[in-house]
Structures are given as structure tokens and as C-alpha cells.
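Here is my note on this model, point by point. Please keep the structure open while you read.

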Amino acid sequence: MNASEYVCRPRSKRSLWFVVGLGVAGALTAGAAFGYRGGLPAWWGLVGLVAVVVGAVALYQVTARVAADAYGVHSWTLLRRRSVPWHDIAELLVRVKTLPRGGETRRVVLAMRDGRRRTLPQPASSTPGDEHFATQLSGLREVHRRHGGTEPGRLRVVTDDAAGSGWVSRLCASLLLLAAAGAVAFAVPGASAYERQYQVAQPCAAGLQPTGARPCLRTVPAVITRTEPHLPKRQSWLYFAGGGPSDRLAVSREAAEAFRAGDRVELTVFRGEVMKVAGERYVWTGHVITGGSLAVFAAGLVLLAGLPGAQVLRRLRGRRLPDDERLPSALPFTGVLAGTAVWLLPLCYLHPTTPLGSAQTITWWAVGSLVTAGLLIWAWHVTRIRVPGESAPTRRPEAEDAADGDVFLAARFLEDTDYNPYGFGTHIVLGNEGPAVTPHPGPGRFGAKSVPVERLTVKNVRRARGADGDGVPGDWHVAELDDAGTPVRLAAAPDDLARIIHALALAKA
């Protein structure tokens with residue numbers, strides 16, 4: 001590595017240029033398909049447009065470059081160039097984002113001294129354990145060490161559940177869901193009125209046309225000309241001869257298969273919509289969207305908005321923590337939303353327009369609100385941020401182990417050692433035979449490997465960080481140990497970890 005400059009470029013440039021070429025070919029194909037009549041089919045143009053988008057992304061990646069020298073960090077992309085001096089950079093972070101369908105992406109982020117964050121276009125990786133990404137990151141950190149003016153500390157890895165992860169996108173998602181819920185709730189009164197009118201509607205009298213004030217059920221004869229049954233993911237259709245209220249009607253697949261071309265049917269029309277098709281062999285009835293179903297849908301959107309809202313709340317609670325420290329899981333708040341759905345959704349379905357119209361519904365609201373408040377208090381308590389050393393086991397571990405025999409605690413060593421080969425251990429067993437690592441929660445010490453307590457020395461206990469990996473929950477603590485000169489890490493729940501450390505100290509004494 002050149003001490004004065006280090007350059008980061010994408011690794012697979014040939015593959016990216018090949019994709020760029022495909023994008024150019026896609027642009028020519030789309031132009032030929034849409035620009036000349038009677039040329040290529042239209043679907044060729046759609047394929048060409050997709051190739052253009054993919055080629056544009058590849059062109060952005062292949063032209064991205066980052067260089068670090070004595071003056072700072074310089075980045076080039078297809079659209080802009082930016083330089084940041086070293087005296088404005090506090091440290092280099094690694095941002096890990098989990099993809100929706102699995103996998104993750106890794107990017108390098110500049111943490112500015114004024115609190116801002118700037119993501120570099122390179123290096124980037126979507127493969128865990130990518131050596132190319134690690135090499136380029138080490139090169140940037142080395143140049144930072146030489147010219148940054150301060151000695152860089154440990155590398156901070158910021159994951160999606162870390163204190164330094166963003167919260168603006170989650171807040172926007174919550175607000176969008178609430179806005180959608182408001183739009184659906186606005187349509188509830190109209191749907192309820194339509195449902196009531198349809199339920200009480202009577203057949204129209206002879207020669208009487210339905211009116212908006214007093215709609216009635218009009219019966220119209222029709223002849224089916226053809227049917228189009230499709231798979232469940234596609235809409236099936238019935239086609240009628242001319243003169244009816246509609247040329248075609250969307251029906252279920254079963255109805256399209258039951259009717260035949262030439263069948264004489266009777267159409268029941270309500271307010272201009274075909275609600276029923278009656279034939280000799282089959283009767284199809286249309287679905288009426290009720291006010292209760294819309295109210296349930298709106299309430300469901302509100303509850304879904306609570307999921308990103310809980311993540312924003314969790315992020316605000318940990319705003320004073322270091323960026324790479326992981327936050328407790330928001331799963332308990334999911335339990336709060338599920339418990340709220342148990343009483344809220346039935347109430348919305350049964351009383352969509354009058355949720356507070358009677359003593360019964362008011363009592364329903366009061367009891368349900370108390371249940372939700374209790375669950376919320378419980379979730380707030382179990383997701384609190386616990387500092388190492390603030391709690392200790394309520395019972396003496398040695399007395400409990402002597403009375404109950406072997407006790408299995410969920411814990412794991414994060415490094416491969418002779419007593420934890422290939423990271424097989426998932427539990428620590430405490431008992432008269434001494435601490436041991438096991439790949440199962442018991443009972444019995446089958447496959448257990450004894451922990452050499454005489455070699456271990458506890459150096460520090462801290463909260464879980466992003467660099468500890470996804471196998472460590474956010475509410476666990478990590479003990480940094482010295483194993484005869486080799487650093488190892490032991491992760492467990494706070495109370496269990498305190499208990500294990502106490503047992504290791506007793507066994508070593």
C-alpha cells in the first residue's frame with residue numbers, strides 16, 4: 001500500500017462493464033420497439049427498459065472511486081465529486097444493512113465531527129467475510145491513522161438494531177401507514193350506508209326505475225357469450241350479449257368455470273352494479289364491502305404503523321449510547337400490538353360507525369385500554385437498556401447449583417477455542433463438575449466440553465455491539481476474557497452472564 005494515497009475501486013469491473021453493455025443494447029431495443037410501428041413487439045420494449053435501468057445502476061457502480069491521501073478522502077461518482085479533509089472526520093464506521101430477502105450490504109461511512117454521516121460509494125460489499133472489502137477498509141484506516149491527527153479507535157460496526165442506525169425512514173413509514181389508515185377510515189360511513197341500503201333493498205316494482213333516494217333491486221335478463229376462467233392470481237370474466245348493464249363482469253374462477261357460453265341468466269343490479277348472476281346450474285353473488293371490514297382494515301393499518309413507531313421509540317431511548325451498541329429487540333412491542341388487536345378489531349367490526357355509542361362499547365374501550373396499558377408498561381420494562389453491573393443474581397449461584405444439580409444457561413463463546421470448536425456451544429452448564437460448554441439445553445452433559453477456568457480472566461463486561469454478529473441478541477451483555485493471552489468473548493443475558501462469571505471465579509478460586 002502507498003502510504004500517501006489509497007484508492008478503492010469496485011472489484012468486478014469487467015462484469016459491471018458487461019452489464020453496462022447490456023443496458024446500451026436494452027436502450028436500442030426499447031427505441032426500436034416503441035419508436036417504429038410494426039417493428040418489434042411491445043414486450044421487447046419493456047425488457048429493454050429493464051435492461052436500461054440495470055445498466056444505469058452498473059454504470060454508477062463502475063465509475064465510483066474513493067481515494068485517501070494526506071489531505072483527506074476524495075470520492076468520485078457519475079454525478080458528483082466530493083472531498084472531505086481529515087480534520088473534519090472523527091472516525092470511519094461500517095454500516096451493515098439487512099436486505100428484505102436475506103443477506104446484507106456493507107458500506108463505509110464517514111462520521112463527521114459535527115455529527116453528520118456521509119456514506120462513501122466505495123468500498124461496498126454484499127458478501128459476509130469479503131476479503132476485498134476488509135482489505136480496502138484497512139487501507140483507508142491506515143491512511144486515517146497516518147494523516148488524521150488522532151489515533152483511530154476500534155472499528156465500529158453499525159447494524160440495523162444499533163443505536164447509530166437511522167430512524168427517519170421508519171418514522172416516514174409509520175406516518176404513511178397512519179395516513180393510509182385515515183383515508184380508509186374516511187370511507188367507512190359511506191360503505192356502512194351502502195351496506196344498509198343493500199340489505200333492505202326490495203325488488204323494483206313493475207315499470208318503476210330506481211332512484212338515488214330509494215334504490216331497489218332491478219332484474220335484467222342476459223345471455224353469456226363467453227367465459228374466461230383464469231388462475232387465482234388473475235381475474236376471471238363473464239361476457240354478456242349487448243343490451244345488458246355491462247359487457248363483462250369480474251367473477252371468481254369457480255363461477256367462470258360453472259357458466260357456459262349461451263347460458264341464459266338473470267342479472268340483479270343495484271345502483272348500477274351487477275350484484276348477482278343466476279343461472280340454471282350456478283348462482284354467483286357479488287361481495288359487498290362492509291363498513292366493518294373497512295374499519296378493521298383501518299385499525300390494522302394503525303397497528304402496523306406501531307411497528308416502525310416502536311423502532312423509532314427504541315432508537316430515541318438509546319440516543320446516548322455509542323453508535324455501534326445494539327438496542328434491545330422491539331419484539332415485546334409487537335406483543336402489545338397483538339394484544340391490542342384482540343380487543344380492537346372485533347370492536348371495529350361490530351361497531352364501525354359508533355365505537356362509543358353505548359355503555360357496552362364504552363366499557364369495551366375502557367377494559368381494552370387497560371389491557372394495552374399493562375402490556376405497554378411490561379414491554380417498556382423488558383426493553384430497558386441495562387448497563388453492565390447494575391443487576392446481580394437474586395440467589396447465590398453456588399447454593400442453587402448445589403441444590404438443583406446442573407443448571408443450563410443460554411450463552412455462547414464468540415470465538416472458536418479448544419472447548420468451543422467451530423462455535424458449537426449454545427449453552428453453559430454450571431454444577432458440581434464445573435462449568436462446561438454444551439450444544440444443547442440439557443439435561444445431561446452429553447457432548448459437553450469443560451471450560452478451563454484456570455486460564456480465563458475477566459477483563460471487561462459491556463453491552464452487545466454490531467461487531468459481535470447477528471447471533472448475539474441486542475439485550476445481551478458480552479464479557480471480554482483473556483484466555484492465556486488470547487482474547488475471547490462470552491455473550492449471555494445480563495443476569496445469566498453475571499451468574500456465569502461468578503461461577504467461573506468460584507471454580508478458579
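1. Start with one facing pair. Leucine 409 stands opposite isoleucine 428, which belongs to S16. The strands S15 and S16 are antiparallel partners, joined over four bridges. Bear in mind that this is a predicted model.

2. Now widen the view to the sheet. Seven strands form an open sheet in the order S18-S17-S16-S15-S21-S20-S19, and the pairing is antiparallel. At the edges sit strand S18 (449-450) and strand S19 (456-463), each pairing on one side only.

3. Not counting residues up to four places away in sequence, it touches Val407, Phe408, Leu409, Ala411, Phe413, Ala436, Val437, Leu490 and Ile500.

4. Next, the core. The largest nonpolar core has 21 residues. Phe413, Ile428, Val451, Leu481, Leu490 and Ile500 have the most contacts inside it. At least two residues each come from strand S15 (407-413), strand S16 (427-430), strand S20 (477-483), strand S21 (486-492) and helix H11 (494-508). H11 gives the largest share, five residues. Another core lies apart from this one; it has 20 residues, among them Cys8, Ala68, Val73 and Val84.

5. Which cysteines form a disulfide? Cysteine 204 is joined to cysteine 216, with an S to S distance of 1.8 Å. A search of the whole structure finds one disulfide. The link of cysteine 204 and cysteine 216 is right-handed, with 95° about the S-S bond. Both cysteine 204 and cysteine 216 lie in the loop between helix H5 (188-200) and strand S9 (217-228), so the link ties together parts that are twelve residues apart in sequence. Cysteine 204 and cysteine 216 are both buried.

6. Two further cysteines are worth checking. Cysteine 8 is buried, at a relative accessible area of 0%. Cysteine 348 is buried too, at 15%.

7. Finally, the whole chain. It has eleven helices and 21 strands. Its radius of gyration is 33 Å, well over the 23 Å that the globule rule gives for 509 residues, so the chain is more spread out than a compact globule. The C-alpha atoms fill a box of roughly 100 × 70 × 45 Å along the principal axes.

8. On burial and surface: 38% of the 509 residues count as buried. The chain exposes about 28400 Å², and carbon and sulfur atoms supply 59% of that area. Among contacts with a separation of 6 or more, 55% involve residues 24 or more positions apart.

How values were computed:
Residues are numbered from 1 along each chain as its sequence is written. This is a predicted model: local features need pLDDT of at least 70, side-chain atom pairs count only at pLDDT 80 or more; totals for chains, interfaces and linings use all residues. Side-chain values use heavy atoms; hydrogens and water are left out. A nonpolar core is a set of buried Ala, Val, Leu, Ile, Met, Phe, Trp, Tyr and Cys residues joined through side-chain atoms within 4.5 Å. Buried means under 20% relative accessible area, exposed over 50%, partly exposed in between (1.4 Å probe, protein chains only). Contact means heavy atoms within 4.5 Å. Two strands pair if DSSP finds at least two bridges between them. The radius of gyration is taken over C-alpha atoms; the globule rule is 2.2 Å times the number of residues to the power 0.38. Accessible areas come from the Shrake-Rupley method with a 1.4 Å probe; for residues, only the protein chains shown count as cover. A disulfide is a pair of cysteine sulfur atoms within 2.5 Å.
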